[in-house]
Amino acid sequence: MTFKTTLHMLAVLLWALISAPATSLAQQSTPLEQVEQEAIKALILQTIRENPEVLVDTLLTFQEEAEAAAQAQQRAAIQRVGELLRTDANTGVMGNPDGDIVLVEFFDYNCPYCRRAAPVLFELIEENPDLRIIMREWPILGPDSKLAARASLAAVKQNKFEAFHEALMAQPRANTVFIRRAAEQAGLDYDQLQVDMAAPEIDAHIETSRNLAGQLGISGTPTFLIGETLVPGLLEKADLQALISEAEDVD
């Protein structure tokens, strides 16, 4: 065993001793054992002070292991819920409804980055005839976002989701005034839209989005999922196209 390996093991032991709840140690240890534990801590701390690089290496190792575990957990979640994301009929779809290349976006109508992504997605639809984009409504930015999500999902019933989505994303923000304006621009029956906004399947979609985001570890919008690749945040057009092209090659 090398000296560096020994120091690494000491650092791990120190971490375990420090991170263990104090009450737990007190309950499980006699007074003499507690004194011995403190002495071990002091010895290890002294060793690490003399060789501080080992603590950095240990923390980096812990970080790498935690990141790898999180990535593995996310891949497993994608495999578990991916089919639902791709086949859920209770959602808005843009592009080719029968396209084999499926891009899912978790979005909020009042998310500025989602707004910036919208015209890029329409360009990608024009340039990729086999692309199907599934819009996963996840209204996390307040009551106006929830109202917009309900209106958007209600537009599906009139087969005008894509037109409404484009019109609403072009408004300064999503609220009652701009939702109505977008509905008129998209040619929707606004009275029927208001009725359909109360449908139970709309509540189901939003609740499903919340559950899926939790399972996938998604913390914000926009977040894109294609195949088994999940990417949070706004992406440049070239980066999205690269993901689409990669998915085409896999198929």
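How many bridges join strand 2 to strand 3, and do the two run parallel or antiparallel? Seven bridges join strand 2, residues 101-107, to strand 3, and the two run parallel. Strands here are DSSP runs of E with at least two residues, helices are runs of H or I with at least four residues, and both are numbered from the N terminus. Two strands pair if DSSP finds at least two bridges between them.

Before I continue, a word on the basis of these values. This is a predicted model, in which local features need pLDDT of at least 70 and side-chain atom pairs count only at pLDDT 80 or more, while totals for chains, interfaces and linings use all residues. Residues are numbered from 1 along each chain as its sequence is written, and side-chain values use heavy atoms, with hydrogens and water left out.

Let me return to the pairing. In strand 3, Ile 133 is the bridge partner of Leu 103. Between strand 2 and strand 3 the chain passes through helix 5, residues 112-127, and this β-α-β crossover is right-handed; that is, with the strands pointing away from the viewer, the path from the first strand over the helix to the second runs clockwise. Strand 3 also pairs with strand 1, residues 92-95, through four bridges, and those two strands run antiparallel. There, Gly 92 stands opposite Met 135.

Strand 3 itself spans residues 131-137, and seven of its seven residues are buried, where buried means under 20% relative accessible area, exposed over 50%, and partly exposed in between, with a 1.4 Å probe and protein chains only. On one side lie Leu 131, Ile 133, Met 135 and Glu 137, and on the other Arg 132, Ile 134 and Arg 136.

I now turn to Arg 136, which sits in strand 3. Its relative accessibility is 0%. The side chain of Arg 136 makes a polar contact of 2.8 Å with the side chain of Ser 209. A polar contact is a pair of N or O atoms within 3.5 Å; within protein, one must be able to donate a hydrogen and the other to accept it, and residues adjacent in sequence count only if both atoms are side-chain atoms. Leaving aside neighbours within four places in sequence, the residues in contact with Arg 136 (heavy atoms within 4.5 Å) include Asp 88, Glu 105, His 205 and Leu 212.

Next, the cysteines. How many disulfides does a search of the whole structure find? The search finds zero, a disulfide being a pair of cysteine sulfur atoms within 2.5 Å. The sulfur of Cys 111 has its closest cysteine sulfur in Cys 114, at 3.0 Å, and is therefore too far away for a bond. Both residues are buried, Cys 111 with a relative accessible area of 2% and Cys 114 with 1%.

Two backbone features deserve mention. Most residues other than glycine have a negative phi, and most peptide bonds are trans. Asn 159, however, has a positive phi, near 55°. Asn 159 lies in the loop between helix 6 and helix 7 and is exposed, at 73% relative accessibility. The peptide bond from Thr 221 to Pro 222 is cis, with omega near -10°, and Pro 222 belongs to the loop between helix 10 and strand 4.

Finally, the chain as a whole. There are eleven helices and five strands, and 41% of the 251 residues are buried.
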